[in-house]
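Please look over the sequence and the structure first, then read the points below.

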Amino acid sequence: MQVLMSATQSTYEEQEGVYQFYMEYPIPAYLVALVAGDLVPADIGPRSKVWAEPCLLPTAIEKLSGRVERWLSAAERLYGPYMWGRYDIVFLPPSFPIVAMENPCLTFIISSILESEEFLIIDVIHEVAHSWFGNAVTNATWEEMWLSEGLATYAQRRITTETYGTAFTCLETAFRLDALHRQMKLLGEDNPVSKLQVKLEPGVNPSNLMNLFTYEKGYCFVYYLSQLCGDPAHFDAFLRAYIEKYKFTSVVAQDLLDSFLAFFPELKEQCIDSKTGLEFERWLNATGPPLMEPDLSHGSSLTSPVETLFSLWTTEPLDVAAAASSVNIAEWRTFQTVLFLDRLLDGSPLPHEVISKLSECYSAQLDGMNAEIRIRWLQIIVRNDYYPDLYKVRCFLENQMSRMYTIPLYEDLCTGTLKSFALEVFYQTQNQLHPNLRKTIQQILAQGLNPLLAMDAAAVAADAPAAGREDKPPEAAHGAISLRDVNVSA
């Protein structure tokens, strides 16, 4: 097996079969990572390789060759020299439980993301941004995880603006903020995990800090700080100074904010940190939505067609001919199609005529698109109990083993009327799942049952063969799982 590590140097003693690794910079323990497997490398740039199983390598090369260096160079222009030497990427099996992880020198990323080009771009650029925000300067406590994720998301969008334009960045931001508001609706505006400074107190699961508030509410706060400067380039200069001052150390939010006010003394004189309604303290400790969101009007060339199509499909009475002929979604960007489907998800359940005509117009087309699009269409099928296309849900779950694709579908299946179907599919696929994911799905399947039945369902899910399934548990009570529709990178 080939062994790799998040390290700046490595050696292999072939005679003894021993790998040795060395990391010359201090890093937090969560960034120490090893991977071993049938992995082969290929150069994709002057300081980057991809590592993948032989069957995946050609696709990985095709998708990333030359691009990673472009993204690294853009990041360096914004935030200073890349300090880790190499930026390699290793593609892991579809059962890897998260989308990507920013381990220094060696980003870990799930192989199934290769089929979703725009998501691959965003996810890798996000991990590139972590080389500065998270890896070089780290949040000192998980209660302030936004210091890594909010800043990395902001930097990611500065990089995409430099390389793909403002409209593309606005489109990606729009669909992420939609997801933030969807999560907030499910959790409730007074939920403690919606704070930027979450207190790890009884009732708060640390795992739930990996949520869209950490990323998107954190991003909105960083964006607000950038707007106070009047020019994003001025804020970039501040972030370069922040990185230089604190690199290879861990910080708290006050370190960032004190540095910000020291870098912009005129803002300190204006007491900008206490501006009514936008106080820094309120940003950090109030529950609920961001106090301010970015102006996304520069993305209207990409978002307006989505809004028009959504309106045509949801305005009564339905004019099927007008809706079906208004646009060819095959010509859309992935993020446009995702935004359209997300809006339909938010409006579900839809009238039966709408869902049947949507299937008639788009189902065959969507079947040939990437997994990020298909998962959303399948959620629409489930939330609308549209049985003619239900077999597609089974096929998808039999072939997709990633947390980001399985959890939303199982939550929807168990919240609605299709729990027996969910149990049946789980019995057939459980042995292919990562153990942590398998446990999570068992908990979803058991939710809404009385305690004895819940324990029995979890035990059965762990051990039952994929044979007869006549005795099914009662249907789940209607209740939303807290983190549905969350698809984030580390």
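A residue counts as buried when its relative accessible area is under 20%. By that cut-off, helix H18, residues 419-429, is mostly covered, with nine of its 11 residues buried. The model is predicted.

**Buried segments and residues**

- In H18, the buried residues are Lys419, Ser420, Phe421, Ala422, Leu423, Val425, Phe426, Tyr427 and Thr429.
- Strand S6, residues 48-52, has four of its five residues buried, so the rest of the structure largely encloses this strand.
- Glu69 belongs to helix H2, which spans residues 67-79.
- Glu69 has a relative accessible area of 18% and is therefore buried, because buried means under 20%.
- Leaving aside residues up to four places away in sequence, Glu69 touches Pro46 and Arg47.

**The five-stranded sheet**

- An open sheet with mixed pairing is built from five strands, in the order S5-S6-S7-S9-S8.
- Its edge strands are S5 (40-45) and S8 (100-101), each of which pairs on one side only.
- Strands of a sheet pair through backbone hydrogen bonds, in either a parallel or an antiparallel way.
- S5 and S6 are antiparallel and share five bridges; a hairpin connects S5 to S6 through two residues.
- Within this pairing, Val40 has Ala52 in S6 as its bridge partner.
- S6 and S7, by contrast, run parallel and are joined by two bridges.
- Trp51 stands opposite Val90, a residue of S7.
- Met101 has Phe108 in S9 as its bridge partner.
- Helix H3, residues 117-130, lies across S7 (88-92), S8 and S9, and runs at about 150 degrees to S9.

**The annotated binding site**

- Which residues does the UniProt annotation "binding site" cover? The unreviewed entry lists His126, His130 and Glu149.
- These residues are spread over 24 residues of sequence but cluster in space, with a largest C-alpha distance of 9.0 Å.
- His130 is part of helix H3, and its relative accessible area of 0% makes it buried.
- Glu149 is located in helix H4 and is also buried, at 3% relative accessibility.
- Why do both count as buried? The values of 0% for His130 and 3% for Glu149 fall under the 20% cut-off.
- The side chains of His130 and Glu149 are joined by a polar contact of 3.0 Å.

**Helices H4 and H5**

- Helix H4 covers residues 146-164 and helix H5 covers residues 166-187; they pack at an angle of about 145 degrees, and their axes are 7 Å apart.
- On the H4 side, the contact involves Gln156, Arg157, Thr160, Thr161 and Tyr164.
- By type, the residues in the contact of H4 with H5 are two nonpolar, six polar and three charged.

Definitions and conventions: Residues numbered from 1 in each chain as written. Predicted model: local features only at pLDDT ≥ 70, side-chain atom pairs only at ≥ 80, totals over all residues. Heavy atoms only, no water. Axes fitted to C-alpha atoms, helices over the stretch in contact; angles between N-to-C directions. Contact = heavy atoms within 4.5 Å. Nonpolar A, V, L, I, M, F, W, Y, C, P; charged D, E, K, R; others polar. Buried < 20%, exposed > 50% of the residue type's maximum accessible area, 1.4 Å probe, protein only. Pairing = 2+ DSSP bridges. UniProt positions renumbered as here; feature names shortened; annotations may be inferred. Polar contact = N/O pair within 3.5 Å; in protein donor to acceptor, adjacent residues only side chain to side chain.
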